[in-house]
Amino acid sequence: MKKIKKNIKNKTWFKLDNAGTVFPGQNTQTWSNVIRASINLKEEVDPELLTEATKRCLPRFPTMAVRLRNGFFWHYIEKNPEPPVILPDANNPCRRIKFNEDNRYMFRIFYYKNRISLEIFHALTDGFGACVFLNTITAEYLRLKGYDIPVGGMVLDINEEPKAEEIEDSFVKYASKTGSEKLPLFKTYHKKGTRMPKHTSIITTGYVPVDEVKAKAKQYGVTITEYLAGILMYLHIQFQKAEGKKQKDVCMQIPVNSRNQFPSKTLRNFSVNYNLRIDPNWGDYTFEEVLRHLSLSLRLTNNPKHLSVMFAANLAMEKNPFMRFIPLFIKDLAVGLVFVFGAEKTTTSVFTNLGVAKVPDEMMEHIESFILMPSPGRLNGARVGAASIGNTMAITFSNMYKETDVEREFFRFLVREGIHVKIESNKQ
Amino acid sequence: MSYCVNCGVELSAGTKKCALCDTPVINPNELNNTDYTPAFPERIELPKETKSRFGAIIISILMLIPNIVCIITNLLLTPELLWSVYVVSSSLMFWFLFVFPFIIKKTHPYIILTVDAIATAVYIFVFYYLNSTGSGDWFWKLALPLDAGIFLMIALLNYYFSKKPTKVKSAIAILTFFTAADIFTCLVINLYRYSVIATYITLIIGVSCLILLVFFIATDRNKKLYDWLSRKFFF
């Protein structure tokens with residue numbers, strides 16, 4: 001154990017995890033796959049203390065305090081000696097990340113009024129890892145403000161050494177040794193509109209009471225994720241029907257945190273996407289039917305065996321000896337092309353739900369709400385992220401189109417269901 | 001506390017319009033309320049633009065070096081043979097086609113097409129000038145009309161596609177382009193070579209394209225025919 005600890009502390013470079021290998025190839029001059037997590041505090045943020053808190057936390061997260069480098073065959077990440085980047089927030093979050101900007105860090109921390117936000121490149125971690133990173137920084141920030149914040153939940157002890165299980169590639173550890181599956185590719189419906197200017201998007205957050213949403217979901221016999229994703233799926237079926245063109249499948253992509261199914265403690269990527277489809281050509285669906293379809297599909301597919309087989313399918317490419325020896329620039333080119341001609345073409349929209357951001361009670365007193373959002377898509381009009389803390393759930397849409405029909409109908413739907421919604425937006 | 005009358009959602013205090021439907025918010029109790037804190041600042045942070053222009057300038061300088069070397073070598077070692085002209089003109093042609101679009105600040109398709117047409121014509125003219133013995137006039141009667149005609153047709157095609165036509169109309173446009181380019185090329189060659197207005201073998205390609213064209217135009221205009229074809233030949 002001692003040997004492992006010593007290795008992590010002295011390790012200057014890491015391989016990207018299996019999911020992380022594809023993101024640098026998808027990166028363009030105008031778009032990056034970024035996760036944004038924000039915490040609304042009850043008091044205004046002090047940028048100097050935030051910078052200090054971030055500096056103190058970085059050694060605890062060896063796979064975040066890194067810069068991306070190009071090897072001959074693969075990208076890798078190495079320790080970044082530069083100071084982290086803390087910036088005032090702007091109107092256009094989730095801008096592209098360029099690997100030679102922001103002191104070469106692949107995350108940025110923003111402050112605005114009482115909000116601390118973290119934008120992190122998906123190659124480093126998933127939504128869960130981003131939230132642990134942000135919560136630990138915020139806890140340290142509050143400690144610097146003079147509050148006594150203990151460790152627990154999504155707040156790590158920064159005086160501890162990083163642990164081996166936190167930096168492992170859990171995909172490799174838990175991948176099936178025997179089974180594999182081919183991922184089906186279908187062209188699906190996309191709600192289109194007028195594109196926003198480059199590097200900008202419309203962000204709309206709706207705050208809803210968790211108990212009200214939970215009660216409504218329970219009434220339908222589904223979980224909160226299934227209920228909210230079901231609304232999104234139902235709305236897209238209605239949008240497509242109104243357009244009156246050839247009816248394509250509507251496919252909801254639901255990223256699932258695999259840590260719930262496996263005993264992994266990794267802070268790197270460990271989530272996979274379930275693509276749940278419905279064919280509108282089968283007839284007119286009521287909301288209850290859509291909900292039942294989505295709920296049963298998700299429950300049927302979401303089990304450790306299937307996840308393990310999905311990991312194996314994703315790993316097959318990385319393990320293939322022929323693929324391993326292809327030079328990096330060709331791999332990146334291929335990943336970029338696959339992303340353009342596949343990826344988002346196979347999904348209508350994304351709904352990612354972090355669940356409850358668990359923090360110690362002493363920290364809860366200082367937090368108003370917790371927000372998680374994916375970056376705007378390249379084809380998916382509105383992509384949705386949700387997270388809750390206490391009794392407040394924040395549902396955030398990041399939309400690359402000027403038209404906000406999806407958001408409007410989604411929140412109107414919730415209001416019609418008797419749920420109280422409070423709206424915030426970056427719309428000017 | 002205000003609510004949107006259209007959406008029924010609560011809005012931030014002091015907000016002037018609903019973020020979902022843009023409906024103005026007029027709360028009689030808060031008419032003088034200026035205490036509005038936007039959720040995001042107004043400032044838009046734009047990342048630095050890509051340095052493609054810088055890269056293009058570097059490539060231009062790199063291309064300049066071997067050309068200068070060629071000119072000096074040519075003048076010093078074989079001043080009687082102007083072989084370096086071929087190297088320089090080929091480099092210039094390459095530069096105008098592939099580097100020039102990245103140098104100019106605003107890329108406009110018609111400006112680039114015009115420049116490309118002129119560059120191609122000048123490139124061919126260099127060969128014509130250096131190799132003609134005073135007998136042929138192939139550049140004026142053959143190369144220049146072909147160059148101008150083909151680039152003009154590409155410009156027209158580009159204009160048509162900028163209107164985002166339907167799939168059938170796109171097929172019609174492409175077939176028209178090939179038919180027109182084919183007939184035009186054949187006419188120019190025959191006029192130059194035999195001084196006759198004829199199309200000979202290339203007419204076969206032209207006629208094939210024309211038949212397809214008629215078919216596409218008919219299916220585009222006649223919905224009954226389109227339905228009948230879809231019914232009979234579905235697979």
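A salt bridge here is a side-chain nitrogen of Lys or Arg within 4 Å of a carboxyl oxygen of Asp or Glu. Arg259(A) forms one with Asp126(A), the closest N and O atoms being 3.0 Å apart. This is a predicted model, in which local features need pLDDT of at least 70, side-chain atom pairs count only at pLDDT 80 or more, and totals for chains, interfaces and linings use all residues. Residues are numbered from 1 along each chain as its sequence is written, chains are lettered from A in the order in which they are written, and side-chain values use heavy atoms, with hydrogens and water left out.

**Two domains in chain A**

Domain 1 of chain A brings 71 residues to the contact and domain 2 of chain A brings 52; contact means heavy atoms within 4.5 Å.

One salt bridge crosses the interface of these domains. The polar contacts there come to 32 residue pairs, both residues at pLDDT 80 or more. A polar contact is a pair of N or O atoms within 3.5 Å; within protein, one must be able to donate a hydrogen and the other to accept it, and residues adjacent in sequence count only if both atoms are side-chain atoms.

On the side of domain 1 of chain A that touches domain 2 of chain A, the elements supplying at least two residues each include β2 (34-41), β4 (75-79) and α4 (127-144). α4(A) gives the most, with 10 residues. Helices (H or I, at least four residues) and strands (E, at least two) are DSSP runs, numbered from the N terminus. That side of domain 1 divides into 37 nonpolar, 24 polar and 10 charged residues. Ala, Val, Leu, Ile, Met, Phe, Trp, Tyr, Cys and Pro count as nonpolar, Asp, Glu, Lys and Arg as charged, and the others, Gly among them, as polar.

**Buried area**

Buried area is the accessible area (1.4 Å probe) that two parts lose on being put together, summed over both.

| Parts | Buried area | On carbon and sulfur |
|---|---|---|
| Domain 1 and domain 2 of chain A | about 5000 Å² | 61% |
| Chain A and chain B | about 2700 Å² | 58% |

In domain 1 of chain A, Trp31(A), Phe73(A) and Phe171(A) lose the most area to domain 2 of chain A, together 14% of what that side buries. In chain A, Tyr112(A), Arg412(A) and Ile423(A) lose the most to chain B, together 18% of what that side buries.

**Chain A against chain B**

Here 34 residues of chain A are in contact with 27 residues of chain B. The rule finds one salt bridge across this interface. Asp22(B) and Lys427(A) meet in a salt bridge at 3.2 Å, N to O. Polar contacts link 14 residue pairs. β8 (202-209), α13 (405-416) and β15 (422-425) of chain A each supply at least two residues of the side that touches chain B. α13(A) gives the most, with five. This side of chain A holds nine nonpolar, 11 polar and 14 charged residues.

**A sheet across both chains**

β15(A) pairs with β2 (residues 10-11) of chain B in the parallel sense, over two bridges. Strands pair if DSSP finds at least two bridges between them. Ile423(A) stands opposite Leu11(B). Lys422(A) has Glu10(B) as its bridge partner. The open sheet has nine strands with mixed pairing, in the order β10(A)-β9(A)-β11(A)-β13(A)-β14(A)-β8(A)-β15(A)-β2(B)-β1(B). Its edge strands are β10 (271-278) of chain A and β1 (2-3) of chain B, each pairing on one side only.
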